[in-house]
Amino acid sequence: MMRRRTTLLAGCTALVLALGATACGGDEPVAAGGGDKSLDGQTVTVAGVWSGSEQKNFQKVLDAFTEKTGAKTQFVSTGDNVSTVVGSKIEGGNAPDVVMVPQVGVLKQFAENGWLKPLDAEVKTTVGDNFADVWQNYGTVDGTLYGLYFKAAHKSTVWYSPEALEQAGVTPPKTYDAMLKDGRTISDSGLAAFSVAGQDGWTLTDWFENVYLSQAGPEKYDALAAHEIKWTDPTVVEALTTLGELFKDKQLIAGGQKGALNTDFPGSVEKVFGPEAEAAMVYEGDFVAGVAKDQFGKSIGTDANFFPFPPVGDGKAPVVSGGDAAVVLKDGKNGKAGMALLEYLATPEAAAVWAETGGFLSPNSKLDPSSYGDDVTRATAESLIAAGDSVRFDMSDQAPAAFGGTKGAGEWKILQDFLRDPADPAKTAAELEKAAAKAYGN
């Protein structure tokens, strides 16, 4: 998500360090960096899902862009329904310049709607220099690069209380079966093994995706993500059966199925790292660390740590990721300055601003790992970068929003129903296929 390079540009009164492109008198491209204030008097409007601490931390990145270029920024939080909010702003003639898109499926939707500007040559070159092909591919629609992945999530991490595991006499497991076995040992010691955020359907899709990627392999994962195979495929039923072993075991889940369905994501972290611990482990992405640190004062690496989501059966350990891609809207009032912002976001310099604060991973391979503020986050980031092109993007985020990204509908709702009653994986697979076929139009 961050990279820096220098380009010499003529046409202005001096040569400048190029971190973007905008106007320098007339319509000639000029540098968006080097502290030359080349964008003085311009404002870039940015929309994204972030709020709270994430919004505050991203604002620090925007402030660094302002310091470098002179351009002011205005951030608008869209909430989870980014496509609806952005669509209404476009229709109302008030489109933002840049949108931080949280799902591959939404990025594709924006591109197919004709809302996006292709990334210009400067940004494309910087992205090519600093990002693995897989991240460029996820930002590409029909051969055109539209999205720059600035923030990534490592969604193959299981977070735990070292004290709880030590008291139960277990160590971080190396296989999925060992994880369940150790979980029962933890439960025997008086603390539930897992806190599951079943109130938020997206967390359940992440559970499924890690099991499926490890068990079925990357080729099947890609095919299912594109709906080239049906959700009734035997590999889906097998993964649901594996996941059901956890869901149906009340010894493993804090509060059982009912408790899980009444627990949202922040609540699931609190049950492990809050003042009244109810569980020893919580599966979710690297962003668990930010909640544990910021909300519950835990020292990452001492009071909270993680182990990689373990391989299932004979499969390999999965590396599932998510991310937020910056795109430039055609209807924005300041598209040139918006493109300059993307050029800046493509530099290691921009990524380092948030990395130092915490709660952030970058897919930018040129970001110095020392930029991260603690060893655990650094290890998570290095694991993500080391995975290279074997990383697989969150499957539900690749799907049409009606199937993979809507509260109370599609995959989220069906997996919540499965958590409630995991007795019939084949039936759940059939329901998933019915909803997917409708959303994909086939």
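# Briefing: loop residues, helix packing and overall fold

D142 sits in the loop that joins β7 (140-141) to β8 (144-145). The structure is a predicted model. Its chain has 442 residues, of which 58% are buried, and its secondary structure amounts to 20 helices and 15 strands.

**Positive phi angles**

- D142 is not a glycine, yet its phi is positive, at about 50 degrees.
- The relative accessible area of D142 is 74%, so this residue is exposed.
- H227 is likewise a non-glycine residue with a positive phi, here about 55 degrees.
- H227 belongs to the loop between α9 (218-225) and α10.
- H227 counts as buried because its relative accessibility is 9%, under the 20% cut-off.
- G114, which comes just after α3, has a positive phi of about 75 degrees.

**Helix α3**

- Helix α3 covers residues 104-112, and its buried residues are V104, G105, V106, L107, F110 and A111.
- Two of these, V104 and G105, are also contacts of D397.

**Packing of α8 against α10**

- Two packed helices are described by the angle between their axes and the distance between the axes.
- Helix α8 (residues 201-216) and helix α10 (residues 234-247) have axes that come within 9 Å of each other and cross at roughly 125 degrees.
- The crossing of α8 with α10 is right-handed.
- On the α8 side the contact is made by L204, W207, F208, V211, Y212, Q215 and A216, and on the α10 side by T235, V236, E238, A239, L240, T242, L243, L246 and F247.
- Sorted by class, the residues of this α8 and α10 contact are 12 nonpolar, three polar and one charged.

**Packing of α10 against α19**

- α10 also packs with helix α19 (residues 410-420), at an angle of about 55 degrees and with the axes 9 Å apart.
- This angle means that α10 is oblique to α19.
- From α10, the residues L240, G244 and F247 meet L415, F418 and L419 of α19.
- The α10 and α19 contact consists of five nonpolar residues and one polar residue, with no charged residues.
- L240 and F247 of α10 take part in the contact with α8 and also in the contact with α19.

**The buried aspartate D397**

- D397 is part of helix α17 (residues 395-398).
- The relative accessibility of D397 is 10%, so this residue counts as buried.
- Apart from neighbours within four places in sequence, D397 contacts P102, Q103, V104, G105 and K155.
- D397 is 238 residues from W159 in sequence, and the C-alpha to C-alpha distance between D397 and W159 is 22 Å.

**Chain as a whole**

- The C-alpha trace spans about 75 × 50 × 35 Å along its principal axes.
- Among contacts with a separation of 6 or more, 74% join residues 24 or more positions apart.

Methods:
Residues are numbered from 1 along each chain as its sequence is written. This is a predicted model: local features need pLDDT of at least 70, side-chain atom pairs count only at pLDDT 80 or more; totals for chains, interfaces and linings use all residues. Side-chain values use heavy atoms; hydrogens and water are left out. Axes are lines fitted to C-alpha atoms, for helices over the stretch in contact, and angles run from 0 to 180 degrees between N-to-C directions. Helices (H or I, at least four residues) and strands (E, at least two) are DSSP runs, numbered from the N terminus. A crossing is left-handed if the near helix is turned anticlockwise from the far one by less than a right angle, and right-handed if clockwise. Contact means heavy atoms within 4.5 Å. Ala, Val, Leu, Ile, Met, Phe, Trp, Tyr, Cys and Pro count as nonpolar, Asp, Glu, Lys and Arg as charged, and the others, Gly among them, as polar. Buried means under 20% relative accessible area, exposed over 50%, partly exposed in between (1.4 Å probe, protein chains only). Angles under 35 degrees count as roughly parallel, over 145 as roughly antiparallel, 65 to 115 as roughly perpendicular and the rest as oblique.
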